[in-house]
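This report walks through a structure by its domains, its chain contact, its helix pairs and its backbone. Please keep the sequence and the 3D view at hand.

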Amino acid sequence: MTLFLEQALNGLQYGLMLFLLAAGLTIVFGVMDMINLAHGSLYMVGAFLAAWLTQVSGSFWLGLAGSVLLTALLAMLLEVTLLRSLYQRDHLSQVLATFALILVLNDGVRMVFGTDRPLSVPAGFEQPVALPLGLQYPAWRLLIIATGLVLALLLYLLVQRTRFGALVRAGASNRAMASAMGVDVPLLFTAVFGLGAALCAVAGALLGPLLAVQVGMGETILIPAFVVVVIGGIGSMRGALVGALLVGLVDTLGRTLLQQVLRESLPPQWASAAGPALASIAVYVLMAAVLVWRPQGLLPVRGR
Amino acid sequence: MVLRFLLAACALAAAFSAQAADKVKVGFVSTLSGPSAALGIDIRDGFLLAVKLNGGKLGGLPAEVLVSDDQFKPDVARQMFERNVKRDKVDFMTGVVFSNIMLTALPQALDNKVIYLSPNAAPSPMAGKECHPLFFAVSWPNDAYHEAAGAFANQRGLKNAYLVAPNYQAGKDSLAGFKRTFQGQVVGEVYTKLGQLDYAAELAEIRAAKPQALYIFLPGGMGINFIKQFVGAGLSKDIMLLLPGFSADQDVIAAVGPSMAGLFNTAHWSPDLANAANRKFVAAFEQEYKRVPTLYASQGYDTARLIDAAVRDVKGKLGDTHAVREALRAAKFDSVRGSFKFNTNQYPIQDYYVRTVGSDGHGGLVNKSFTEPILKAHGDAYVQQCQMPQ
């Protein structure tokens, strides 16, 4: 039972981090109709900046704040100078250009920071904490869950309750109409892009102490983030949250509970062959099932 | 008349080829860009350092090393091999880091009678059924680190172990290597997705299983992630984590940071091995490149020194492939790893050490080896399957 609870927490933690990445991705995709493959690279830049600033300042929290700020600035600079000219082009041009950006950013980061950087869990969070029901859970992962939940709530309020959110939603459901109603669309796009990048940087900095801060880390997380966007419905923030939590849980439980069920129901040599194979495709099976059932995703944006 | 002239020309050419060459050409193809570039760069730096310390010569002849980047792509490596072998007419090929890339490109060298010296990849099939007279592994057989780790677990009296590896052939082979020597009970054997980032779920299962030892084969970023999360989950107090040497090498220490301290790993070399060749290598490497050499750097260095010895022993007659091969098999050089000789399958017989990560005295971390090797004069399990043509 405690094992199951621990796995559920693991799924939640993974899901919330995916949400931070997918939120930016889905909104850029939804509002600007732009496929940004370089979104994962911003996550990498965020992690490297956090590791570097932590080393320079001696404080992880200063590193986190600086990284969020600098990554957002870099992203807005990229948007104004480069990506803006891609909005009118078709998706193929966007994919090619942002793929090139991945290569440039990877080698740029290598030149500035090197291939990898150490980043450790800040003092006070290194040890597991005791939870009710005799559960031991790493303090850092709990902090990630808390941060993820708070940010999800803030994003919800931002999108649903503020003027900025109304503009974003208007842009996501009908860009031409929003522009005709007097919305400064270029400015809105730059702001949205910066916000997406800031969320990437938070995810990069928080995951840095758990994962390798190394060149190429952005590409590995980009694929599950895209799966989340597709499951949730393109452009939908609520969809991204639901999709991320689903992917997090399915992935974690597929790797553990499913294996156990297989071990108990199949002969050992079958279970050991089928288990890992099934676990690694579980998320994609989920995506395929969702697409068959609801081709627009679970919570599609109205009016598209 | 024409025929005679041709015959004479052929005879002359044959005579020429058995004469001493005026220089040594080495084709060096490795992964020098992309996320995995650090390994190839270290092999290259080690190799070029040996040439430099030799005054730019190998075996007394001026050395020309043609370095090219395979971009982590098997087909690119194959093209580079073809160019080096056919156009540049190199005497030796070397350099590749990864076995899948090497196996794709290798026929370009071997089929054209060019010797390949592997500074890293040493897959099991090439040690057994598919052994080749022109293929030399100057590094360590694929299973060796894992066998050494199993032997160390026995030495420490560990009764049970939990094993983790990615779900692909090399992962399964590695754990098979550990199980070959480990005499205790294997309480869990988990195969994860290749390239997996987060191991929270596996770590929860491990915490529940309470093994005495945990052995992982997770190369590259996967290992870095696992080690960080293992320490963060507070498991390092109760479970002894054993690693293959390349998962606790200087590049991994740099990426993981202080949590590496105290972890055990197994390797055929360590920067602190007490022999004259190694002391010279480590000092020269640190002076030249301002960093501690890795296993990969030591392998690149030894590969160049082996070529040096062979060219010297055949007195520069590089056209006589048979003689060059015999000279390589004799391996008359002082390896930085200490005792070294080739088995009949041209894979090494050497000692393996347990290393532990400790302070370097300047605020950093470095590997320190136990004085007594855990495996002495150890070969590989596949040599009987090799019917080496002479």
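Into which domains is chain B divided?

## Domains of chain B

The model is predicted. Chain B splits into domain 1, covering 22-140 + 274-342, and domain 2, covering 144-267 + 353-378. The C-alpha centres of domain 1 and domain 2 of chain B are 28 Å apart.

The two domains of chain B also touch. Domain 1 of chain B puts seven residues in contact with 11 residues of domain 2 of chain B. On the domain 1 side, four of these residues are nonpolar and three are polar.

## Where chain A meets chain B

How many residues does each chain bring to the contact? Chain A supplies 33 residues and chain B supplies 29 residues. On chain A, the elements giving two or more residues are α1 (2-32), β3 (135-138), α5 (139-161), α9 (217-232), α10 (237-265) and α11 (268-293). The largest share of the chain A side comes from α1(A), with six residues.

## Helices α1 and α8 of chain A

Two packed helices are described by the angle between their axes and the distance between the axes. Helix α1(A) also pairs with α8(A), residues 185-207. Their axes come within 8 Å and cross at roughly 165°. An angle over 145 degrees counts as roughly antiparallel, so α1(A) and α8(A) are roughly antiparallel to each other. Their crossing is left-handed.

From α1(A), the contact uses M17(A), L20(A), L21(A), A23(A), G24(A), L25(A), I27(A), V28(A), V31(A) and M32(A). From α8(A), the residues include F189(A), V192(A), F193(A), L195(A), G196(A) and L207(A). By class, this contact has 19 nonpolar and two polar residues, with no charged ones.

## Helices α12 and α13 of chain B

What is the crossing angle of α12(B) and α13(B)? The axes of α12(B), residues 295-313, and α13(B), residues 321-330, cross at roughly 130°. They come within 8 Å. The two helices are therefore oblique to each other. The crossing of α12(B) and α13(B) is right-handed.

Helix α12(B) contributes L306(B), A310(B) and D313(B). These meet V324(B), A327(B), L328(B) and A330(B) of α13(B). The contact counts six nonpolar residues, no polar residues and one charged residue.

Most residues other than glycine have a negative phi. Two loop residues of chain B are worth a look here.

Q71(B) has a positive phi, near 55°, and is not a glycine. Q71(B) sits in the loop between β3 (61-69) and α3 (74-87) of chain B. Is Q71(B) buried, exposed or partly exposed? Q71(B) counts as partly exposed because it has 15 C-beta neighbours inside 10 Å.

K290(B) also has a positive phi, near 60°, in a residue other than glycine. K290(B) lies in the loop between α11 (276-289) and α12 of chain B. With 7 C-beta neighbours inside 10 Å, K290(B) counts as exposed. The cut-off for exposed is 12 or fewer.

Definitions and conventions:
Residues are numbered from 1 along each chain as its sequence is written. Chains are lettered from A and ligands numbered from 1 in the order in which they are written. This is a predicted model: local features need pLDDT of at least 70, side-chain atom pairs count only at pLDDT 80 or more; totals for chains, interfaces and linings use all residues. Axes are lines fitted to C-alpha atoms, for helices over the stretch in contact, and angles run from 0 to 180 degrees between N-to-C directions. Helices (H or I, at least four residues) and strands (E, at least two) are DSSP runs, numbered from the N terminus. Angles under 35 degrees count as roughly parallel, over 145 as roughly antiparallel, 65 to 115 as roughly perpendicular and the rest as oblique. A crossing is left-handed if the near helix is turned anticlockwise from the far one by less than a right angle, and right-handed if clockwise. Ala, Val, Leu, Ile, Met, Phe, Trp, Tyr, Cys and Pro count as nonpolar, Asp, Glu, Lys and Arg as charged, and the others, Gly among them, as polar. Domain bounds come from an automatic or database domain assignment. A residue is buried if 20 or more other C-beta atoms lie within 10 Å of its own, exposed if 12 or fewer, and partly exposed in between; C-beta atoms are placed from the backbone.
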